[in-house]
Amino acid sequence: MISALTHMARLARAGFVFAREGVFGVVDPSFVPPPGQLALRIARLIERPGVKSGARLSAALTRLGPAYLKLGQFLATRPDVVGVAMARDLESLQDRLPPFSMTEAEAVVAASLERPVAELYASFSPPVAAASIAQVHRAEIEKDGVRHTVAVKVLRPNVAAQFRRDLSDFMFVAVNAEQHSAEARRLRLVEIIHTMSRSVAMEMDLRLEAAALSEMAENTADDPDFRVPKVDWDRTSHNVLTMEWIDGIALNDHARLAESQVDLPDLGRKVIQSFLRHALRDGFFHADMHPGNLFLDDSGRLVAVDFGIMGRLGMKERRFLAEILLGFITRNYRRVAEVHFEAGYVPAHHSVENFAQAIRAIGEPIHNRTAEEISMAKLLTLLLEVTGLFDMRTRPELILLQKTMVVVEGVARSFDPKLDIWKVADPVVREWIERNLGPLGKIQGALSGAGELGRVVSGLPAMASRAVTVLEQLETMSRDGLRLDPETIAAIGRTRARQARWRSIGIWVIALTFLGILFSMH
């Protein structure tokens, strides 16, 4: 009870901030029940004058702190939950907060790495960027008498406690929503908050970000167009991440790209193909590829930074993605529909033919348009909307992929508005399908299956032995009855006595309370 009151008090404060920033002004009252319409009118009375319509939600989330900022960014990847219009507004939400002091940053570094900052770094500059979870400093280290520039990411002090408190409020809302709303259960709000909590927990352990950098470095070691910064593991811990400083041109710096005479259409190709290669080939992709996190180095390779948000796709999801993309390219809509059923995403009681018809309604308009009008990201968005009509449950990993594709495609088209997205994607998709679903892929799959079968067969003697033992015990029990040793009987007796004692105490408390009420009435 006290916990619920605490949650409601904090949520009431959040509601006040939303009202003050005019967030409820964008809600259409016609979709709200009468009691809610009264609440909306009251909320509009305390709205701050002069608030800009486009910045309402962003301003409110920023005022409410780091966890709400992250919630906004997370919900931007879930148009199925907040609606397409609000998700689009949230995409522009910038995870920027005022930096914390140099004294605090140096204290975090020294405590985490167990050495003074002066011993760890030859120089340690003020923060160059600050976000909800951490901020970045430029520093120098000395190796063999040579100085190297590094980026040092430092976790905000006490940020974990703030996130735990606010995430518990979000979970309180999600649990109560699922108890009272079938739509909330369909959207799996509790699972969404669990997913967000895991994501934030991983972001708040900078060793895991370093591990993501290391994994992607291995995956992309032979890629001609892409690389990631090197991690300095000796200066990395839970609260501190030290990595190579990237001096390239940020992809949002169009002036410098023009001055350097960069081949912009080719840069757009690199962005699209790198992302698809990571998603399909590796099943591990950077899920925050906005232009501020991408650089072009001196050798013409893309370099990504900020690996706090990563996406993973299993082989099942990768096959699903590749086959639906190829199905749309070749206009084989029935195959696209069959893939959804084979993956188990659409319940079997639905008709494959009807689903193929719905997919055709998405695909055919694409083939009647010019290359620059075709959007793969929009296609995936429409596909996820259509699947909702056929009871396809929300797939968080596919929605994260789709939202990342929206960002990636936007970055690529900013360099080449006439980019033919299908032509650029086709070689990557076909290569993956030939390697994994063609004859060579089937041979590799058979070998893998043989290995699994071998492991099962090798374990059969032990399984058979355990089965015989269980059967012998069941036979003994059926012949002689269930036997309990004296210690078990004594333990059961103690438990029963304890239960009886507490039951008696409870009855006396109720009786005394009842007598007290009677006497007070007299």
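# Reading helix packing, ring pairs and phi

Ala279, Leu280, Arg281 and Asp282 of α14 touch Arg318, Leu321 and Ala322 of α15, where contact means heavy atoms within 4.5 Å.

User: Okay, before we get into that, what kind of model is this?

Analyst: It's a predicted model, where local features need pLDDT of at least 70 and side-chain atom pairs count only at pLDDT 80 or more, while totals for chains, interfaces and linings use all residues. Residues are numbered from 1 along each chain as its sequence is written, and side-chain values use heavy atoms, with hydrogens and water left out.

User: How many helices and strands does the protein have?

Analyst: Helices (H or I, at least four residues) and strands (E, at least two) are DSSP runs, numbered from the N terminus. Here there are 23 helices and 10 strands.

User: Back to α14 and α15, then. At what angle do they pack?

Analyst: Axes are lines fitted to C-alpha atoms, for helices over the stretch in contact, and angles run from 0 to 180 degrees between N-to-C directions. Under 35 degrees counts as roughly parallel, over 145 as roughly antiparallel, 65 to 115 as roughly perpendicular and the rest as oblique. Helix α14 (residues 264-282) and helix α15 (residues 315-330) sit at about 130°, axes 8 Å apart, so α14 and α15 are oblique to each other. Sorted by class, their contact has four nonpolar, no polar and three charged residues. For the classes, Ala, Val, Leu, Ile, Met, Phe, Trp, Tyr, Cys and Pro are nonpolar, Asp, Glu, Lys and Arg are charged, and the others, Gly among them, are polar.

User: And which residues meet where α4 packs on α9?

Analyst: In α4 you'll find Pro66, Ala67, Tyr68, Lys70 and Leu71, meeting Gln162, Phe163, Asp166 and Phe170 in α9. By class, that contact has six nonpolar, one polar and two charged residues. The angle between α4 and α9 is about 55°, with the axes 8 Å apart, which makes α4 oblique to α9.

User: How many aromatic pairs does the structure hold?

Analyst: The rule is that rings of Phe, Tyr and Trp (its six-membered ring) pair if their centres lie within 6.5 Å; planes under 30 degrees apart are stacked, over 60 edge-to-face and the rest tilted. The structure holds four such pairs. One of them is Tyr68 with Phe170, edge-to-face at 4.9 Å centre to centre and 90° between the planes. That pair links distant parts of the chain, with Tyr68 in helix α4 (residues 66-75) and Phe170 in helix α9 (residues 159-180), 102 residues apart.

User: Is Tyr68 buried or exposed?

Analyst: Buried means under 20% relative accessible area, exposed over 50%, partly exposed in between (1.4 Å probe, protein chains only). Tyr68 comes out at 6%, so Tyr68 is buried, and Phe170 is buried too, at 7%. Across the protein, buried residues make up 42% of the 522 residues.

User: Which residues have a positive phi?

Analyst: Most residues other than glycine have a negative phi. Among the exceptions here is Asp144, with phi near 55°. Asp144 lies in the loop between β2 (134-143) and β3 (146-155) and is exposed, at 81% relative accessible area. Asn158 has phi near 60°. You'll find Asn158 in the loop between β3 and α9, and at 64% relative accessible area Asn158 is exposed.
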